[in-house]
Amino acid sequence: MRVPILKQRDYLIASIQSALSDEDLLQLRDDLAQQVGKFRSRAAIVDVTVLDVMDSFAVRTLRAISHMIRLRGAKTVIVGIQPEVAFAMVQLGLTLGDVATALDLEEGLAYLDKKTKAAAPHGK
Amino acid sequence: MASEGEPRPTSRGEAVVRIASAADIVIARQRGRELAAGLGFSRSDQTVIATAISELARNILEYATVGDIVLAEAQRGARAGLVIVARDRGPGIADIGQALQDGYSTGRGLGIGLPGVRRLMDEFDIASEVGKGTRVTGRKWLP
C-alpha cells in the first residue's frame, strides 16, 4: 500500500497506515525525495507509529530516506517508534545513526520548527 | 486462491510459510506474531519474535531465493514457547562460526542477520551443508 504524503506548511508528512512491504518502503523513499523538490519542502516527517516491526531493511531504508532528503536540502525526522520496536531494534543491533527521531508527530513538528527556523538565514 | 505465501497448517499444528518474495516476509512475521500472541507472549516478545522471523525470511530470500519459515508451539518439560525454523535448499553456509560474527556478511545485507537473530532468541541453532541448504532453529520460551 502506497504511503500517503500530506503537505503541511513547509513540511511533508508521510503517515504510514499499515504494515509495509519492501516495495512500499522503497516507493516512499522515492516519493519523498521527489516531492521535497516539487513542493519545495524544508522537511519531511515519517510517522512509523503503526509499524509493529522494523527489521534491517526498514531501518536501512529509513536511513536512506533521511540521507536522500538531506541531499535535497531538507530535513527528516522519524516519529512514533514504539517501545517494543525500539527494544527489538536494539537487541538486533540496528541503529538509525544520525537520523533525527521524535516521540510523536507533535514533538516532530516542534523539533522541525526549531531546526528550520534556526537554519533560515532570514528567520524570524 | 491461496497465494504462495499463505501459511499452510499441518497435522502437528505448525504453520509453514513459503518464502519466495518480499511480500512473504510480511506474511511470515504477521503469522508469527499471531501465534506468539495466542501462546501468551507479551507485546514486547511478540515484536522480538516477529522481527526475528523477518530477518530469517530475509536471509532465505537473499541467499537461497526460496525456502520455508515453519512456526510451531514448543514444549520442553514444563516450559512452553515458540519455535521458528527457517529452512532452505540454498547454497549453504561454509563457515557457520564466521556467519555468526557481527559485521560478517557475504550478501548485500548489513551483516546483522544471524548474530542479531541469535540475540533475539533464547535458543539458536544452525545446521548447514554447502550445496544442500541451511536450517536455522530459534526458540523463545514463555517467562
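This is a predicted model: local features need pLDDT of at least 70, side-chain atom pairs count only at pLDDT 80 or more; totals for chains, interfaces and linings use all residues.
Visitor: Is A:Ala102 buried, partly exposed or exposed?
Guide: A residue counts as buried if 20 or more other C-beta atoms lie within 10 Å of its own, and as exposed if 12 or fewer do. Because A:Ala102 has 19 C-beta neighbours inside 10 Å, this residue counts as partly exposed.

Visitor: What pattern does chain A follow when read along the sequence?
Guide: The secondary structure of chain A is made up of four helices and five strands. Taken in sequence order, these elements give the pattern β-β-α-β-α-β-α-β-α.

Visitor: Which are the edge strands of the sheet in chain A?
Guide: The five strands form an open sheet with mixed pairing, in the order β1-β2-β3-β4-β5, and the twist averages 25° from one strand to the next. Pairing on one side only marks the edge strands of chain A, which are β1 (5-8) and β5 (100-102).

Visitor: In which sense do strand β3 and strand β4 of chain A pair, parallel or antiparallel?
Guide: Strands of a sheet pair through backbone hydrogen bonds, in either a parallel or an antiparallel manner. Here β3 (residues 43-47) and β4 (residues 75-79) of chain A are joined over five bridges, and A:Asp47 has A:Val79 in β4(A) as its bridge partner. The sense of the pairing between β3 and β4 of chain A is parallel.

Visitor: At about what angle does helix α2 of chain A run to β4(A)?
Guide: Helix α1 (residues 22-38) of chain A packs on the sheet, where it touches β1, β2 and β3 of chain A, with its direction at about 165° to that of β2(A). Helix α2 (residues 56-71) of chain A lies across β3 and β4 of chain A, and its angle to β4(A) is about 155°.

Visitor: What radius of gyration does chain A have?
Guide: The C-alpha trace of chain A spans about 45 × 25 × 20 Å along its principal axes, and 35% of the 124 residues count as buried. For 124 residues, a compact globule would have a radius of gyration near 14 Å, and chain A agrees with this, having 14 Å.

Visitor: Which element gives the most to the side of chain B that touches chain A?
Guide: Between the two chains, 23 residues of chain B are in contact with 18 residues of chain A. On the chain B side, α1 (22-39), α2 (43-64) and α4 (113-120) each supply at least two residues. The most, nine residues, comes from α2(B).

Visitor: Which element supplies the largest share of the largest nonpolar core?
Guide: This core holds 66 residues, and those touching the most other members are A:Ala44, A:Ile45, B:Leu56, B:Ala57 and B:Ile69. Beyond four places in sequence, B:Leu56 touches residues including B:Ile84 and B:Val136. The largest share of the core, ten residues, is that of α2(B).

Technical notes: Residues are numbered from 1 along each chain as its sequence is written. Chains are lettered from A and ligands numbered from 1 in the order in which they are written. The radius of gyration is taken over C-alpha atoms; the globule rule is 2.2 Å times the number of residues to the power 0.38. Two residues are in contact if their C-beta atoms, placed from the backbone, lie within 7 Å. Two strands pair if DSSP finds at least two bridges between them. Axes are lines fitted to C-alpha atoms, for helices over the stretch in contact, and angles run from 0 to 180 degrees between N-to-C directions. A nonpolar core is a set of buried Ala, Val, Leu, Ile, Met, Phe, Trp, Tyr and Cys residues joined through C-beta atoms within 7 Å.
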